[in-house]
Amino acid sequence: MSLLIKDVRVLDPASGIDGQMDVLVEGSKIAEIRPGIPESKVGWIPPKGEPKDPAHFSGEVIDGAGKVLVPGLIDMHCHLREPGFEYKENIESGSKAGAAGGYTSLVCMANTLPVNDTRAVTEYILRQARERALTNIFPVGAVTKELKGESLAEIGELKEAGVVALSDDGKPLMNASLLRRALEYASSFGLTIISHCEDLNLVGQGVMNEGFVSTTLGLRGIPNAAEEVMVLRDITLAELTGAPLHIAHVSTAGSVRAIREAKARRVKVTAETAPHYFTLTDEAVGGFDPNTKMNPPLRMAKDVAAVIAGLKDGTLDAIATDHAPQTAIEKDVEFEYAANGIIGLETALPLTLKLVHEGHLTLMEAVEKLTLKPARILGLSKGELKVGADADLTLIDLNRRQTIEVSKFKSKSRNSPFQGWELKGFAVLTLVAGRIVHRVPGLS
Amino acid sequence: MEDEQTRVSDQRFSEKPATRLARKDILGIQEMSASEISLILDTAESFKEVSTREIKKVPTLRGKTVINLFYEASTRTRTSFEIAAKRLSADTINISTSTSSVVKGETLIDTAKNLEAMNPDCIIIRHSASGAPHLLARLMRVPVINAGDGAHEHPTQALLDLFTVREKKGRLAGLNVAIVGDILHSRVARSNIYGFTKMGAGVHLAGPRTMMPAEVEKLGVRWHSNLREVIPQADVIMMLRIQLERQGSGFFPTLREYSRFFGLNLEVLKEAKAEVLIMHPGPMNRGVEISPEVADGPFSVILDQVTNGVAVRMALLYLLVGGERETNRSSV
């Protein structure tokens, strides 16, 4: 199978290429990137030594005019819920949602049931991925056994089994000494720790951002400080150990400032945010909609502005979804009782492109945060659009308008606060190792 | 919700003063206009007389069914609603459910659907979770009245407080109202802040910083850390109940200390205006936020609040459920 995408704007953050050309995919790899690749190159995979025969024709030419071809998107933070919570999502459905959203690689967190804290669970996830997933799946292992924050998981063996990072995401590591040891131990195995920064004492029984909105709604608030004291603590421990640290789902102005200062001191810290933190404020909680409830919570306008500024100046390296599927069972209840989490795989790209359309980020910056940066942080040989690389590619129509309709999501869950939003800029074609895993109707 | 908004805006465009409530539910004071509040208070005035008759009953809601759905303990509010409904000749049903059952029991949505299937005419809900009445109201065709949701709102309490002050003072505009104590956890405080400020009164809050919600001054009120600062200019002093379990959770050190700095006693009251009104939504912790001499003293209108609660709730039931809407108040 070969595929030629003609006259497309190729954009590759690694090389800085941004130009109109053609891209030829042969099998699972990118074969050529240049202007004027003849269409005759497509479709013929003659067995060695044999003459060309129409029976061997298998391929397609796609008109890329007006569209942008980028390295396949990499979500470095999602919850695929398998094993254990397959009624919310599984690796197959999550990968379909990812493919539909333009993602070719998903990095799934360890808070499954059982927790991904042993080789057996990692191997199970990778087997399900091989057999059922449309995208690449890279599991994250737990830092501590059962995410309890008490003793280290068998990190070396998790690494052998194939985890690409470690995180107790969903729960903070409240014990600073244990995190210190975890940073040191994990770095000996070349693994980065992804930290979920949340001081549980400061959170208390809070269910939304602490501010004027929580005051009017009578909902218990979570102050920004609940995140920031842990970001500052973790940066201090990264400095102490010299080990790499990645901070997940940054939501506050104070966290952005702390990370910016740490980077200036050359601490080995990287960070991500998620589209809801640069798109929505706590005002969205106004109608007690449980789909606006997540952890960390939606913050205030000044935080949104700081997150956007952090993306712009590179303080925030990556944009991840924190895709957290929950069903009506968890969400169709009183706000205080509803589970945290929103899904994001099928809305992250258009929400990120909204920053581009509004002039906050260049397209190159946005794509870098969705591709190359996550790959570099995790050490994945992905995220580059170059000859010889895996043909993980996303074709984006920057001007395609769609109204978000959660009932049409590929995800098993529907917990998105973006229902009914009209957004601009969607993936029209997603290739994973040369295989078409998503294609909008009518694309030719 | 859409219907409600449409109707509210329709009403705004009609230039006549409101003669009936242009909303399906009573969820909070925040979304109410001053004219709606006035209508409710005026209507309550005409209902107050009913409770003084020998036969305390009018046929207004005969054949209507009112359900009291209480997920949280309540004596005063539930009884008040029940008496109000009964004096209007409605049939009343009380459902008391412990909040803990939400974990294993039926969801609020299922409960709502089941109740709806039995064709009630009004649901009154008290719930420990903020926003629970809003969830119910979205699902039900019949009026929902919020009898207190979490720390969010307690609109009928605020209405009866407004009624009581208006009755005693003859007006609301221009008065100075001090609300003292745990504003953070208080739905009564929130509803009263909205109510009094909408009606043109000035609201001052007093209490330790730990019990003030974030950015509370954006509600158009002033916060004072010292109780004595708010006493001299106050026309109304409303003391809030201190939840005893807050002691030891960092909000204040001990009840003893709380009482000393934020309790209302005769000594503090010496600095108050001669005609000051002392209010408390109940239940009181005598000797903590209010001393017995003050609670039972000449300035206290605490029991008037309870009496007026019935009239206000009768008015609300009448305005939401009453007759075929065209029912004239003179038929009372």
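Helix axes are lines fitted to C-alpha atoms over the stretch in contact, and angles run from 0 to 180 degrees between N-to-C directions. Helices (H or I, at least four residues) and strands (E, at least two) are DSSP runs, numbered from the N terminus. This is a predicted model, in which local features need pLDDT of at least 70 and side-chain atom pairs count only at pLDDT 80 or more, while totals for chains, interfaces and linings use all residues; side-chain values use heavy atoms, without hydrogens and water. Residues are numbered from 1 along each chain as its sequence is written, and chains are lettered from A and ligands numbered from 1 in the order in which they are written.

**Helix packing in chain A**

- Helix α7 (residues 225-241) of chain A packs against helix α8 (residues 253-264) of chain A at an angle of about 15 degrees, and their axes are 8 Å apart.
- α7(A) and α8(A) are therefore roughly parallel to each other (angles under 35 degrees count as such).
- Contact means heavy atoms within 4.5 Å.
- From α7(A), A:Glu227, A:Glu228, A:Val231, A:Leu232 and A:Ile235 meet A:Ala253, A:Gly254, A:Ser255, A:Ala258, A:Ile259 and A:Ala262 of α8(A).
- By class, this contact has seven nonpolar, two polar and two charged residues.
- Ala, Val, Leu, Ile, Met, Phe, Trp, Tyr, Cys and Pro count as nonpolar, Asp, Glu, Lys and Arg as charged, and the others, Gly among them, as polar.

**Strand pairing in chain A**

- Two strands pair if DSSP finds at least two bridges between them.
- Strand β5 (residues 68-71) of chain A runs antiparallel to strand β16 (residues 393-403) of chain A, joined by four bridges.
- A:Val68 stands opposite A:Ile396 in β16(A).
- Eight bridges link β16(A) to strand β17 (residues 422-432) of chain A, again antiparallel.
- A:Gln402 has A:Leu423 in β17(A) as its bridge partner.

**The sheet in chain B**

- Five strands form an open sheet in the order β7-β6-β5-β8-β9 (chain B), with parallel pairing.
- β7 (222-224) and β9 (277-279) of chain B stand at the edges with a single partner strand each, so one side of each is left without a neighbour in the sheet.
- Neighbouring strands of this sheet are turned by 20 degrees against each other on average, direction ignored.
- Strand β6 (residues 202-206) of chain B runs parallel to β7(B), with three bridges between them.
- B:Leu205 stands opposite B:Trp223 in β7(B).

**Chain B overall**

- Chain B has 13 helices and nine strands.
- Of its 332 residues, 56% count as buried (under 20% relative accessible area, 1.4 Å probe, protein chains only).

How values were computed
Parallel < 35°, antiparallel > 145°, perpendicular 65-115°, else oblique. Buried < 20%, exposed > 50% of the residue type's maximum accessible area, 1.4 Å probe, protein only.
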